[in-house]
Structures are given as structure tokens and as C-alpha cells.
There are 2 protein chains.
Amino acid sequence: MPETAHESRPHPLQGVKVVDLGQIYNGPYATFLMAMAGADVIKVEPREGESLRVRGAVGTGKLPFAMLNSNKRCITLNLKSQRGRGLLIDLVRRADVLLENFAPDTMERLGLPAELLLAENPRLIYASGSGYGRSGPKRDYLAMDLTVQAVAGIMSVTGYPEGPPLKAGVALCDFLGGVHLYGAIVTALYEREKTGCGRVVEVAMLEAAYVTLASNLGLFHGSGGKAPPRTGNRHGGLSMAPYNVYPAADGHVAIIVVGEEHWRQLLRAMGRADLLDDPRFADNKARVAHIAQVDALIENWTRGLPRERIFELTKQFRVPSAPVRDLVEVVNDEHMHGRGMLKRIEHPELGPIVVPTTAMRFHGTPQMEIVPSGRLGQYTAEVLQAELGLDDAEIAALRRDQVI
Amino acid sequence: MPETAHESRPHPLQGVKVVDLGQIYNGPYATFLMAMAGADVIKVEPREGESLRVRGAVGTGKLPFAMLNSNKRCITLNLKSQRGRGLLIDLVRRADVLLENFAPDTMERLGLPAELLLAENPRLIYASGSGYGRSGPKRDYLAMDLTVQAVAGIMSVTGYPEGPPLKAGVALCDFLGGVHLYGAIVTALYEREKTGCGRVVEVAMLEAAYVTLASNLGLFHGSGGKAPPRTGNRHGGLSMAPYNVYPAADGHVAIIVVGEEHWRQLLRAMGRADLLDDPRFADNKARVAHIAQVDALIENWTRGLPRERIFELTKQFRVPSAPVRDLVEVVNDEHMHGRGMLKRIEHPELGPIVVPTTAMRFHGTPQMEIVPSGRLGQYTAEVLQAELGLDDAEIAALRRDQVI
């Protein structure tokens with residue numbers, strides 16, 4: 001592409017310093033995106049490690065931890081000790097951003113409220129990720145991705161009409177929260193270039209999830225305010241057809257028709273040009289009214305063909321479609337590897353693994369090289385020396401006193 | 001909250017001007033977030049309206065359109081006419097951002113490639129949202145939320161192990177793409193304060209969705225690279241228990257135990273302190289090994305109680321939990337209304353509706369007042385006069401010539 005011919009500009013967040021108290025998915029994703037855009041992220045963990053690192057020690061959290069903590073400098077600090085808090089404040093004085101996604105009021109209980117940190121550094125962006133937000137009647141409710149999917153209405157529209165509510169199989173609320181928090185932080189950084197002032201920014205996962213219900217809310221509104229049903233793989237607003245996942249001879253294929261030309265082309269791809277003038281399928285409204293017949297017609301065609309053959313045909317006829325892929329296929333996707341979104345790395349603890357870079361592309365700048373996620377406390381001495389000027393004896397004393 | 005006591009600062013993106021060619025969900029969500037942060041968004045539609053507006057005219061797209069297009073100035077421009085393209089370029093010369101999420105190569109076919117627009121305005125951020133990105137072997141594939149859910153692996157991990165792959169009931173790929181694009185744009189705006197230069201930024205929905213698979217990829221990695229199964233409402237990595245949705249007497253409740261104290265407290269909430277020392281449930285690893293018994297134990301308790309009673313008890317005992325709510329409950333949530341995330345407005349075309357503001361909160365600035373989404377072309381004359389200095393006669397001629 002012409003616009004990427006000269007890849008020589010620095011990373012856009014070069015020079016931005018982040019003190020990252022993030023844990024599990026939400027906060028760490030925001031700071032991961034910052035690291036991938038060039039920021040210097042100091043990941044501050046308790047001496048036992050943050051929750052996801054601890055979980056990784058006994059279960060399947062190892063790869064998620066590695067995915068989200070590349071290119072951060074991991075240090076330990078015991079924030080329950082006065083000296084630990086003091087060191088954190090020293091780091092914050094030199095930082096542009098502090099991020100936390102603790103349970104409500106944790107920072108206050110640690111004696112590190114936002115007001116204190118902003119008083120120490122008026123240019124600071126204090127970024128808070130939470131389930132329900134820093135105000136309102138539910139601010140103190142505990143939240144994890146699962147509970148937010150429940151309370152945000154996502155489960156009520158996932159699954160089949162005759163089955164129970166179901167979660168999306170991915171941690172969408174955690175990551176929606178994290179990327180919105182990234183957006184809020186960078187917005188405040190932009191503003192600070194004009195005003196010189198930092199501020200508190202926050203994102204509640206519940207609120208970040210709301211807008212994803214748009215199609216379902218369309219049906220809610222169109223039906224006069226009734227709770228919309230679960231629709232399986234059909235459109236959440238039940239207002240488009242075809243829009244479904246169809247069984248192939250060896251898997252499944254998603255097919256969607258957005259405009260009338262797509263429908264005509266799909267009929268041609270299926271060898272059913274005889275139906276071009278069928279009034280049951282004359283336009284989207286007619287097809288929605290005959291949705292079972294539309295789906296049966298397509299399924300009759302897809303059942304007999306391999307997934308890739310269906311995809312090739314729909315592609316050739318310019319109908320939006322995709323094979324349903326499993327994670328072995330996704331992790332090895334030549335397209336994402338070719339674009340540099342996914343990287344095969346040799347991780348010092350996990351061996352050969354695939355990790356993501358960032359979905360945010362800045363043309364004209366080479367992609368960030370991956371530095372594998374660090375061991376617990378790997379950079380503690382380096383950061384305390386380089387950032388705060390501590391000497392070896394002081395660092396030894398901090399270790400002895402269980403501050404780091 | 002102390003940090004919001006003085007709400008007097010301007011909106012952080014005040015003064016930023018956006019030319020928005022976005023359509024449906026992905027692009028319009030990015031520019032909606034910009035409008036909510038104070039940017040001036042000029043929404044440029046074809047003379048018949050963008051796809052979501054057209055869909056709204058016949059189906060359930062009315063509310064989604066209203067949700068995503070508050071506080072934008074809607075104008076029409078026929079980009080297939082030379083004069084229309086000329087006016088777009090005139091707008092771009094005065095703008096900070098141009099956003100598009102057309103099918104691949106549409107801007108090139110219109111004669112409006114990124115290089116041309118950046119040559120006209122070197123400070124421009126050219127923002128491109130797509131399914132697969134601007135490079136790589138699959139760049140020309142058509143994509144919609146449904147097909148991205150298929151190809152990104154999300155369907156493969158949603159639903160039950162014995163059932164077919166299932167989509168998440170919400171349009172998560174569209175909105176993940178949109179909010180990542182917002183992040184990329186604002187990052188480039190921040191950088192431009194240092195460099196004076198714009199650039200092309202892009203986000204592919206496929207890539208924006210990848211990281212949400214973190215738990216599932218943990219299981220993939222932990223099992224030596226096998227495609228993980230669908231797990232219903234259990235943890236996507238099958239590495240936490242309890243983690244499920246349980247039937248109540250009148251609905252469902254999600255319950256999750258993150259640490260050992262949560263488990264002990266849940267037993268107390270259930271009146272089952274007799275199991276505190278049961279070796280089957282001694283720690284998370286043991287509970288995962290006895291996951292069916294853990295779930296049966298909790299379900300025996302939840303089945304007999306109303307949803308809200310279960311939630312009250314778990315809240316009292318500090319166990320993360322939430323009722324599974326339907327959209328009537330979500331739309332009327334007192335918490336999101338109290339925080340100003342949701343607003344009841346009188347929409348000139350739709351009457352009384354609920355619309356979202358933004359999940360990005362900037363403490364110290366009052367929330368944006370909602371201006372309801374505009375009619376097709378509502379601001380065309382105003383924008384062309386104020387921005388480009390056209391007079392009434394010129395605007396009449398443009399209408400006559402079907403340019404606007």
C-alpha cells in the first residue's frame with residue numbers, strides 16, 4: 001500500500017509513561033494497547049503477582065497473561081506497606097497515566113485515592129476501570145465479565161428462543177471495558193496537550209457493553225417495548241434474511257444478505273436463478289416474512305457442500321459469507337500473521353506461542369517488536385534504579401522488608 | 001464524588017472536526033464517541049441515506065440509527081458526482097479526521113483515495129474501518145458482524161458442547177471495531193500535537209475481536225493446541241468453578257467465585273457452612289475437578305429462590321453475582337439513568353426513546369447534552385454555508401443537479 005511505503009515515524013505514544021495497576025483482562029488490555037502504541041508501561045504487581053498471573057500458575061491463565069502483558073516492565077510493590085505506597089507515589093509523580101481496575105474503593109482503602117495522586121501530579125490521567133462505575137446506586141457491586149454479561153442483557157439475547165439465556169463464549173465485557181478505557185485515556189492525553197491538566201477518566205463495563213445491543217434494541221423498540229427473544233444465529237433484530245449459520249458437509253458457514261443485489265447473487269451462486277422473481281423472496285421484508293423457507297432453501301444447498309466450497313462460491317458472487325472457524329484455524333490464520341497482527345514468539349516460560357500485537361494500525365510506523373511478558377518482579381530493580389535513582393543497598397533493604 | 005465536584009472544563013475533543021462517511025454500526029460508533037467527547041461531526045450520507053437509515057425506513061433500524069447518530073450534523077453529498085467529490089475535498093481540507101468503513105476499495109473507486117486526501121490536507125487523520133484490514137490476502141473479503149463472528153472463532157466457543165456453533169447475540173465485532181478505531185484516531189490526534197502530521201489509521205474487526213478469546217485460548221494452550229469446546233455458561237477456559245448461570249425460581253442468576261474467600265462466603269450464603277472443609281471443594285483446582293457437583297450444589301439452592309433474593313444474599317456475602325436481566329430491565333436501569341449513561345429523550349421522529357451517551361467519562365466536564373439524530377440532509381445547507389461559504393443560489397443549484 002502506498003501509505004505504508006515509508007515506515008519510519010516513531011510510535012505515536014512514544015514518551016508516555018504509564019503506571020499500571022491493572023489486573024486480569026480489563027485494565028491490562030488498556031495498557032497493552034498503550035504499550036503497543038509506544039508507551040512505557042510499568043506494570044506494578046503485588047509481591048505474589050496479579051490475579052491473572054496467580055491463576056496462570058495453577059490453570060489456563062498462562063497464555064492470557066502472556067497475551068496481555070507483552071512489552072510491559074513488570075515490577076512488584078507491596079502497596080499495603082507505607083514504603084510501598086511512597087514508592088508508588090514517587091512513580092506517579094513522574095508518570096502521565098495511572099490505571100487501576102480494582103474492586104470499588106480499593107485505592108481509597110490503600111490510602112491512594114485519585115485526589116491524592118492528582119494533587120501530587122496535576123498532569124496525571126487517573127484511569128479507572130470497573131463493572132458499574134464510580135457513582136450511582138450500584139457502584140459497589142462486584143463485577144466480572146460473566147456477571148456483566150448477565151446484568152447488561154447480553155445473555156438474554158444469546159442462545160435459542162426455547163433454551164436458557166447464554167453467555168457469549170468470549171470475555172467481551174472485559175475487553176470492551178478495556179478498549180474504551182484506552183480511548184478515554186488517550187483522549188485525556190490529547191486534551192492535556194492543550195490545557196496542561198490531567199483528570200480522572202473512567203469506564204464501567206456495564207456501560208461499555210450497552211451499545212452492542214443495538215440490533216436487539218431495534219426489535220425491542222419496533223415491538224413496542226417488549227423484551228426481544230433470543231434468536232439463535234438469526235439477526236438480533238429479526239429484520240434481515242438470509243442472516244444465519246448454515247450446516248455444511250464438514251462444518252458451518254455464516255451467510256448474510258445486506259442488499260437486494262446480494263440476494264440475487266446468492267440465488268445465482270446456488271444455481272437457483274429460477275427463484276429470482278419469486279414473490280416470497282422479492283425483497284428483505286418478504287424474505288423476513290418467509291424466513292423459515294429462506295433458511296431451508298439455503299440449508300438444502302449448503303448441506304451437500306464442503307465449507308470451503310460454499311465460501312468460494314459466495315465470494316465469487318460477492319455475497320458476504322464466512323466459514324465458522326475453530327481456534328486452531330484462527331491462531332494459525334495466514335492473514336493475521338501476514339499482517340503482523342499475530343506473532344509467533346519464543347516465550348522464555350511458555351516456549352513457542354502465538355501472541356497478538358494490536359488491532360490499531362498506524363500507517364507509516366513499523367509495528368512494535370514483541371517483548372515477551374516478564375517474570376514476576378523481573379524489572380523491579382531496573383525500574384527503581386532508573387526511574388527513582390535507588391541504589392543497590394536500598395533495593396536490597398526493600399527486598400528484605402518485603403516491600404518489593 | 002470529590003473529583004466531579006467542579007464540572008466546568010470543556011469537552012476534551014472540543015475544536016476537532018470530523019468528516020464522517022461511516023455507515024451501519026462500526027464507523028458511526030467511532031464518530032459517535034467523538035461527538036460525545038466534544039468533536040464536531042459532519043455525517044456525510046448519500047442522497048438516499050446511509051445503509052442503516054435506509055434499513056430503518058422499512059425495519060427495526062430506526063432506534064439503532066438514533067442511538068449512534070446523536071449530536072452529528074447530517075448532510076447529503078453525491079460522491080458519484082464530480083461536484084460532490086469536490087465539496088467533500090473542500091470539507092476535508094478544513095477537517096481533522098475523515099472516517100470511512102466502506103467495502104474495500106470503495107474510496108479508490110470514488111476517486112477519493114487516502115493519499116489524495118492526505119495530499120490535500122497533510123494534517124488529516126484518515127481512519128479506515130473494515131472487516132479484514134487494508135492489506136493481506138483476505139483484504140477484499142466482504143464482512144459484516146455475523147461473518148466476523150464466524151471467522152474470528154467466536155461462534156466456535158459460544159453455545160453448548162453438544163450443540164452447533166452459535167453467535168453472541170450482540171454485534172460485538174462491529175462495536176469492538178468501532179471503539180478500537182476511536183482509540184486509533186485519538187492516538188493519532190495526540191501524536192499530531194507533537195508532529196503536526198496526520199496519517200492513515202485502520203482497524204480490522206477480525207483483529208479487534210481476537211483478544212476477547214483470551215480464556216478460550218488459555219484452554220487451547222493448556223490442552224496442547226486442541227480447539228477448545230463450547231462450554232455453555234461455564235468458564236471459556238474451564239478453569240474456574242463455580243462460574244455459571246443458575247436457574248432461580250423466576251429467572252436466572254450468574255455466580256462466579258474468583259478467590260477462596262468468595263467460595264467460603266458463598267457456602268455461608270447458601271447455609272452450607274458444613275461443606276467448608278469438604279476436600280472435593282478445597283480449592284479452585286478441586287472444584288474444577290468436581291465441576292458437576294459444584295454446579296448441582298448451587299443449583300439446588302438457587303432453584304427455590306427468587307432471582308433478586310439470591311442476588312441480595314450473594315451481595316451481602318460479597319460474592320460476585322448478577323441477575324440475568326432482559327432488555328426491558330436494562331433500558332430502564334436506574335443506575336445507568338442515574339449516572340447519565342442512558343437518557344430519555346423526545347426524538348422528533350421516534351417520540352420518547354432511550355439513547356446512550358458514552359461509556360467514556362471525563363470527570364470535571366459536564367456530560368454532553370443529547371441532540372437527537374437528524375433527518376436525512378437536515379444540516380446540508382447549514383454546513384455548506386458555514387463551512388464552505390456557499391450562498392443560497394449555489395445550494396439551490398446543487399439540489400437541482402442532485403449533488404446534495
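How many Å apart do the C-alpha centres of domain 1 of chain A and domain 2 of chain A lie?

1. Basis. This is a predicted model, in which local features need pLDDT of at least 70, side-chain atom pairs count only at pLDDT 80 or more, and totals for chains, interfaces and linings use all residues. Residues are numbered from 1 along each chain as its sequence is written, while chains are lettered from A and ligands numbered from 1 in the order in which they are written.

2. Domains. The C-alpha centres of domain 1 and domain 2 of chain A are 42 Å apart. Domain 1 of chain A comprises 2-211 + 333-400, and domain 2 comprises 243-324; such bounds come from an automatic or database domain assignment.

3. The same surface serves both copies, since 100% of the contact residues of chain A recur in chain B.

4. Interface. Between the chains, 131 residues of chain A are in contact with 131 residues of chain B (contact: C-beta atoms, placed from the backbone, within 7 Å). Helix α8 (residues 172-195) of chain A gives the most to the side of chain A that touches chain B, namely 15 residues. That side has 78 nonpolar, 33 polar and 20 charged residues. Here Ala, Val, Leu, Ile, Met, Phe, Trp, Tyr, Cys and Pro count as nonpolar, Asp, Glu, Lys and Arg as charged, and the others, Gly among them, as polar.

5. Strand β6 (residues 199-204) of chain A pairs with strand β12 (residues 361-362) of chain B in the antiparallel sense over 2 bridges. Pairing requires that DSSP find at least two bridges between the strands. Glu202(A) has Arg361(B) as its bridge partner in β12(B). Helices (H or I, at least four residues) and strands (E, at least two) are DSSP runs, numbered from the N terminus.

6. Loop residue. Leu238(B) is found in the loop between α10 (214-222) and β7 (243-248) of chain B. Leu238(B) is buried, because 21 other C-beta atoms lie within 10 Å (buried: 20 or more such atoms within 10 Å, placed from the backbone). Not counting residues up to four places away in sequence, Leu238(B) touches Leu219(B), Thr231(B) and Val288(B). The C-alpha atoms of Leu238(B) and Asn216(B) are separated by 8.4 Å, at 22 residues apart along the chain.

Conventions: Two residues are in contact if their C-beta atoms, placed from the backbone, lie within 7 Å. A residue is buried if 20 or more other C-beta atoms lie within 10 Å of its own, exposed if 12 or fewer, and partly exposed in between; C-beta atoms are placed from the backbone.
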